[in-house]
Amino acid sequence: MSATTSGAAAPHGDELAAVSARTLAALLSAGERPPRPGPWAASMAFGRRAMLKIKHVPEQLFDVTVLPVMLVLMFTHLFGGALAGSPRAYIQYLLPGVMVMSVVMTTVYTGIALNNDIGKGVFDRFRTLPVWRPATVVGYLLGDVLRYTIASAVMLTAGLAIGFRPGGGPAGVVAGVLLLVVFAFSFSWIGTMFGLLARDEKTVMGASMTVIFPLNFLSDIFVDPATMPGWLRTLVDHNPVTHVASAVRGLMDGRWPGTEVAWTLGWSAVLLTVFGSLTVRLFHRG
């Protein structure tokens, strides 16, 4: 005999939902709620998400694998004979600088990924989560630290294959890469700001490259500023990319470029303070 014919009415969907909600509320009130994640834990969770995106779409690493090798080979053999007498001699000066250039250019993808998530509506869902709100943006930046490290390792491998010999040994190389990653993390906040401001990812790319290209090419990445005209040398000497390239070059060469390291850390602090604050303000306004 069915429940209906026996006089017991079947519960409607709304009634079932109400019962489920009451049951869930009773369970939550009976036990302890899980602790709210702190800023670091939340940021690391979003950073892991960024790295998982690379795992599922490995083609994203093209810009930190194939492109850096092309840059090293191309600039070394194009300019080596004219500027240093031979490619092998030039690579000693060039490689740390090109490494800086490649990593700085890679920072643009943080803003593009952020803007892409905003366009898809994913970012709005992240805002509703009970976590430290800037963790979403910080997570993107922490995830991209892996990209910077891969780019540096690939370029070092290519450089060693064609004659680069760091006088500072492994310790100098690691110190140079760590300093570069610190600077790149701070510089990435410019891209995140554009990612929140721009309407599409093409605008993010264009705006970021407008900043990155002059900084990269008006620096000491390719040639010693001593050979430049006075007015140009003044611009180059006050360029943050010049300071980080000189610092990384000195560390890898086995020297301690204290002034350049201090300038690099100072610029990193300024970039993080200014553009980090602007990004967080834009994030809260959105």
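Reader: Hi! Let's start inside: are arginine 147 and aspartate 144 buried or exposed?

Author: Both arginine 147 and aspartate 144 are buried. One thing to keep in mind as we go: this is a predicted model.

Reader: Noted. What joins arginine 147 and aspartate 144?

Author: A salt bridge joins them, with the closest N and O atoms 3.9 Å apart. In general, side chains of opposite charge can pair when their charged atoms come close.

Reader: And how far along the helix are they from each other?

Author: About one helical turn, because arginine 147 and aspartate 144 are 3 residues apart in helix H7, which covers residues 135-161.

Reader: Nice. How many salt bridges does the structure hold?

Author: There are 4. One of them pairs the side chains of aspartate 220 and arginine 249, at 3.2 Å from N to O. That pair links distant parts of the chain, with the two residues 29 apart. Aspartate 220 is in the loop between helix H9 (201-217) and helix H10 (230-237), while arginine 249 belongs to helix H11 (residues 240-252).

Reader: Why does aspartate 220 count as buried?

Author: Aspartate 220 counts as buried because its relative accessibility is 4%, and the cut-off for buried is under 20%.

Reader: What about aspartate 253 and arginine 255, where do their side chains meet?

Author: They meet in a salt bridge too, at 3.3 Å from N to O. Aspartate 253 counts as partly exposed because its relative accessibility is 44%. Arginine 255, at 46%, therefore counts as partly exposed as well.

Reader: Switching topic, which residues of the largest nonpolar core touch the most other members?

Author: Those are Val98, Val100, Phe123, Leu156, Phe187, Phe222 and Met252, out of 62 residues in that core. Helix H8 (residues 169-197) gives the largest share, 12 residues. As a general point, nonpolar side chains tend to be buried together in soluble globular proteins.

Reader: Let's pick one. What does phenylalanine 187 touch?

Author: Not counting residues up to four places away in sequence, phenylalanine 187 touches Val104, Thr107, Val211, Ile212, Leu215 and Leu271.

Reader: Now the outside. Which residues form a nonpolar patch on the surface?

Author: Phe62, Val66, Leu67 and Met70 form one, and together they have about 350 Å² of accessible area. Leucine 67 lies in helix H3, residues 62-84. With 31% relative accessibility, leucine 67 counts as partly exposed.

Reader: What part of the chain counts as buried?

Author: Of its 286 residues, 42% count as buried. The accessible surface of the chain comes to about 14900 Å², and carbon and sulfur atoms account for 68% of that.

Reader: Last one: what share of contacts join residues at least 24 apart?

Author: That share is 77%, taken among contacts between residues at least 6 apart in sequence.

Reader: Thanks, that helps!

Note on methods: Residues numbered from 1 in each chain as written. Predicted model: local features only at pLDDT ≥ 70, side-chain atom pairs only at ≥ 80, totals over all residues. Heavy atoms only, no water. Patch = residues over 30% accessible without salt bridge, like charges linked within 9 Å, V, L, I, M, F, W, Y side chains within 5 Å. Areas by Shrake-Rupley, 256 points an atom, 1.4 Å probe, with all protein chains shown as cover. Helix = DSSP H or I, 4+ residues; strand = E, 2+ residues; numbered from the N terminus. Buried < 20%, exposed > 50% of the residue type's maximum accessible area, 1.4 Å probe, protein only. Contact = heavy atoms within 4.5 Å. Core = buried A, V, L, I, M, F, W, Y, C linked by side-chain atoms within 4.5 Å.
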